[in-house]
Amino acid sequence: MEASNVITLYFFPGSKYANGVGIFNAWEKSKSDPEIHNFVKYLVYWVAGTKLIFILLLIVIIYVADAQTLTLTATALVISIASFFWRLFPLIRKMDADGQITPRNYSAALGWMILVFILVFLVAIFI
């Protein structure tokens, strides 16, 4: 799932699928100002690169780590993914409420998706 997000952000950033930034109405608005649009694209590619690093490191850890390292990795993933609810979720929820996101209520769907990720890693920690 995250790999599809990386592909979308790098090659189809304006998509409304796979968590592309096309869901933000501001994506299209930013195109009217090349300076702002280049800044937005830079941030999108930065996120894609960070996700790619995250995915590749996780693959390496899964293949070479012992049980203790896997448990600590899952704990770190829970904490880092949960940070979404600190800054990003309140912001996207506000933008959603203000009609800045299409489709409406996307923030709720995204919030549930992130929560499921966290729960999966918590289950993995306790198994």
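I started at Pro 103, which sits in the loop between helix H5 (88–97) and helix H6 (106–126). I am working from a predicted model here. I checked the peptide bond from Thr 102 to Pro 103 and found it cis, with omega near 10°.

I stayed in that loop between H5 and H6 for Asn 105. Its phi is near 65°, a positive value in a residue other than glycine. Is Asn 105 buried or exposed? I looked up its relative accessible area, which is 56%, so Asn 105 counts as exposed, the cut-off being over 50%.

Ala 18 is not glycine either, yet its phi is positive, near 55°. With a relative accessible area of 31%, Ala 18 is partly exposed.

Then I stepped back to the whole chain. The C-alpha trace spans about 50 × 25 × 20 Å along its principal axes.

I also noted how the chain packs. Of its 127 residues, 30% are buried. Among contacts with a separation of 6 or more, 53% are between residues 24 or more positions apart.

The accessible surface comes to about 8600 Å², and carbon and sulfur atoms hold 73% of that. I found 9 positive and 7 negative side chains, with the centres of the two sets 6 Å apart.

Notes. Residues are numbered from 1 along each chain as its sequence is written. This is a predicted model: local features need pLDDT of at least 70, side-chain atom pairs count only at pLDDT 80 or more; totals for chains, interfaces and linings use all residues. Side-chain values use heavy atoms; hydrogens and water are left out. Helices (H or I, at least four residues) and strands (E, at least two) are DSSP runs, numbered from the N terminus. Buried means under 20% relative accessible area, exposed over 50%, partly exposed in between (1.4 Å probe, protein chains only). Contact means heavy atoms within 4.5 Å. Accessible areas come from the Shrake-Rupley method with a 1.4 Å probe; for residues, only the protein chains shown count as cover. Lys and Arg count as positive and Asp and Glu as negative; His and the chain ends are not counted. The place of a charge is taken as NZ of Lys, CZ of Arg, CG of Asp or CD of Glu.
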